[in-house]
Structure formats: structure tokens, C-alpha cells
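Today I am opening my notebook to look at aromatic rings. Come along and keep the structure in view while I write.

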Amino acid sequence: VFFCFKQWYQRRVRGFYTVDIRDKARELQQIWDGCELDGDGQISRAEYSAFISPLQDASFERHTERRFLAADTDGNHLLNQEEFVQFLFPELSEHMAVTLLEEELADRDRDGDGSLTLPEYLGLSNA
């Protein structure tokens, strides 16, 4: 099942976003420049947090941490430009698919048991 999801994901999502991302190169550069404060060519978690802090809530912070760790493919706790694009647009990267699924599960799992009931899946649970 997961393999089929990956194929669908690659065909549907990548094809949909690729043209849009290329058109937004200038916008991505502005975000990069706003985050990359120390001039080392990489973005630390602290640099990103300082840039985005007015928008953060607890859920956003959890997703940010999960995405940052997943996008940091070389494990140096810093994001280069390629990793940063994967962080901002995880749907463009095959290895980030699991992170997106984890985020969706965390958002819908109202009782925190690590699984979804039908009401949670349908968004009907207020627990």
C-alpha cells in the first residue's frame, strides 16, 4: 500500500508543484535571505525560529522540528539551500513523504494514542 501511495504521490504532487516552485525562485531567495542571518550559507534551527517566531504555535513548532530534522539529510543540524527547499516544500521530496504522513496523523489523532479512529480520520472528533 505504501509503495502505491509513493507512486501516486510522485505523479500527482510533484507534477503539480514543480512549475509553481520554479516560478517562485525569487520568493524562495527572499525567504532564504531572511532566514540565513550569519552568512555561512546554511540555516540553523535558531535562525529559522527567529525568522518565523511571530507565526508559531505549539502544533506549528512540532511540525517545524519534525520537518527540520527530516530535511537535514546530512545530519549537521543546518539546512543548505536544497535541504531548505525540502523543508519548506516537503511534498516535493520523496524522503519527506513519511514526515507529511506523521504530521497528518499527529493533527488528526485527538486522543494521542498513535492511531486514528474513524471519527478522528473524518475530522469529527472533538476529544
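Which residue lies over the face of Y121? I looked it up in this predicted model, and R108 lies there, 5.8 Å from the ring centre.

Next entry: ring pairs. I searched the whole structure and found 5 aromatic pairs. One of them joins Y48 and F84, with 6.3 Å from centre to centre and 70 degrees between the planes. I noted this pair as edge-to-face because planes over 60 degrees apart count that way.

Then I asked where the two partners sit. Y48 is in helix α3, residues 45-52, while F84 is in helix α5, residues 81-88, so their pairing ties together parts 36 residues apart in sequence.

How does F84 pair with F87? I found their ring centres 6.1 Å apart and their planes at 20 degrees, so I wrote this pair down as stacked. Both residues belong to helix α5, and they are 3 residues apart, about one turn of the helix.

Next entry: buried or exposed? I checked Y48 and found 7% relative accessibility, so it counts as buried. F84 is buried too, with a relative accessible area of 2%. For F87 I noted 3%, and that residue is buried as well.

Last entry: which residues do the ring pairs link into a cluster? I listed W32, Y48, F68, F84 and F87.

Note on methods:
Residues are numbered from 1 along each chain as its sequence is written. This is a predicted model: local features need pLDDT of at least 70, side-chain atom pairs count only at pLDDT 80 or more; totals for chains, interfaces and linings use all residues. Side-chain values use heavy atoms; hydrogens and water are left out. Rings of Phe, Tyr and Trp (its six-membered ring) pair if their centres lie within 6.5 Å; planes under 30 degrees apart count as stacked, over 60 as edge-to-face and the rest as tilted. Helices (H or I, at least four residues) and strands (E, at least two) are DSSP runs, numbered from the N terminus. Buried means under 20% relative accessible area, exposed over 50%, partly exposed in between (1.4 Å probe, protein chains only). A charge sits over a ring if NZ of Lys or CZ of Arg is within 6 Å of the ring centre and within 35 degrees of the ring normal.
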